[in-house]
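Open the model in your viewer and keep the sequence panel beside it. The stops below tell you what to select and what is there.

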Amino acid sequence: MGILGLSKLIADIAPSAIKEQELKHYFVRSEGAQLTSVNGETTSHLMGTFYRTIRLVEQGIKPVYVFDGKPPNLKGGELAKRAERRDETQKLLQAAEEAGNAEDIEKFNRRLVKVTKEHAEEAKQLLQLMGIPYIDAPCEAEAQCAALVKAGKVFATATEDMDALTFGCNVLLRRLTFSEARKMPVQEFHFDKVLEDLGLNHDEFIDLCIMLGCDYTSSIKGVGPKRAIELIKTHRSLEKIIENLDTKKFSIPEDWNYKEARLLFQEPEVTDPETIDLKWTEPNEEGLVKYLCGDKQFNEERVRNGAKKLYKARNTSTQGRLDTFFKVLPNPNPPKRKAEDTKGAAKKNKKGTTGKPRGRQPK
């Protein structure tokens, strides 16, 4: 779920922290029936992972996948709520099936899609054959992603969950996987600008997110995004807010465990990024054919074509596209010219000769 209302709050108060740009040539499978194996098991997750990853690599992006580990104990309440929502959706699906409403049947079926451990393990095996690195986070995937970004191991975290910012992720990308399909630009959130425009430090931002509503604890009833930002700017911490809040108007949860929630954001359980070695290797075409074709019923020709695209993209220069993501920094120690070269250049300049820059310029 992430943080309720955070993206809108940032868009309203800190719009300069968000950039929007198109993601061209991005593949999205057309809507239709779920893809299955000969045993009737869903394989759509493998299809999506395979082709979307190829398209990312074709654009010069080197993706790293991070899988969730064991959820923290504080998340139990949110997981229970999700289970309740699934039960309600199941009832709505049953009613739609009885009424023969095809549109509602598809809508509720999509809501009931749940990633299982088996799905995750299959995706990991596929990524390994594709030569794409993945990481098993010890706890929350967004926390591990934020740690990787802060350590400079990767450029950004691509997720729809805004709590990546709460964990301190420098750059957050949203809409990366569906921007083309929905004709929407990718949103790029910059955490330093978020803090600057909101006028908060990281700890104050965490308290704001807890008030907005996070996965780990309840929030103060009656306090919406606008009032939450006013309260945190006035009092600077949840402790001070609680001391000064009018409890007749606003209901503070009984035994509110906001301190434990705050600590999960401040000191999340992650693997030290310095111990992680990210390696992109060549795709195993024969291995992919063996894994995806046969029982999983993938078309062999398409799998082989996909493997060849992946190989070609991995071995093709994409400097022009990558320039939009990374700054080109000047050399702090430029080579010194020889004295005679400097004198020679001075004489030429006196004669009106214009020198042309050497070397390839960034596009």
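Helices here are DSSP runs of H or I, at least four residues, numbered from the N terminus. Glutamate 230 is found in one of them, helix H10. Keep in mind that this is a predicted model.

**Stop 1: helix H10**

Select residues 225–235, which make up H10. Color Ala228, Ile229, Leu231 and Ile232: these are the buried residues of the helix. Now look down the axis of H10. The buried residues fall within an arc of 160°, so they line one face of the helix. An α-helix has 3.6 residues a turn, so residues three or four places apart point the same way.

Turn to the other side of H10. Lys226 and Thr234 are exposed there.

What do the buried residues of H10 pack against? Show helix H1 (6–13), helix H8 (191–198), helix H9 (202–212) and helix H11 (238–244); they pack against these.

Go back to glutamate 230. This residue is partly exposed, with a relative accessible area of 40%.

Then select arginine 236, which follows H10. Its phi is positive, near 70°.

**Stop 2: salt bridges**

How many salt bridges does a search of the whole structure find? The search finds 17.

Select lysine 124 and aspartate 136. Their side chains meet in a salt bridge, at 2.5 Å from N to O. The pair links distant parts of the chain, twelve residues apart. Lysine 124 sits in helix H5 (residues 117–130), and aspartate 136 in strand S3 (residues 134–136). Is lysine 124 buried or exposed? Lysine 124 is buried, at 9% relative accessible area. Aspartate 136 is partly exposed, at 43%.

Next, pick arginine 174 and glutamate 160. This salt bridge spans 3.9 Å, N to O. Arginine 174 lies in strand S5 (residues 171–174), while glutamate 160 lies in the loop between strand S4 (157–158) and helix H7 (163–166). The two are 14 residues apart. Arginine 174 counts as buried, at 16% relative accessibility. Glutamate 160 counts as partly exposed, at 32%.

Move on to lysine 279 and aspartate 277. The closest N and O atoms of this salt bridge are 3.7 Å apart. Lysine 279 is exposed, at 57% relative accessibility. Aspartate 277 is exposed too, at 57%.

Finish with Glu285, Glu286, Glu300, Arg304 and Lys308. Salt bridges that share partners join these residues into one network.

Notes
Residues numbered from 1 in each chain as written. Predicted model: local features only at pLDDT ≥ 70, side-chain atom pairs only at ≥ 80, totals over all residues. Heavy atoms only, no water. Buried < 20%, exposed > 50% of the residue type's maximum accessible area, 1.4 Å probe, protein only. Arc of directions from axis to C-beta. Contact = heavy atoms within 4.5 Å. Salt bridge = Lys/Arg side-chain N within 4 Å of Asp/Glu carboxyl O.
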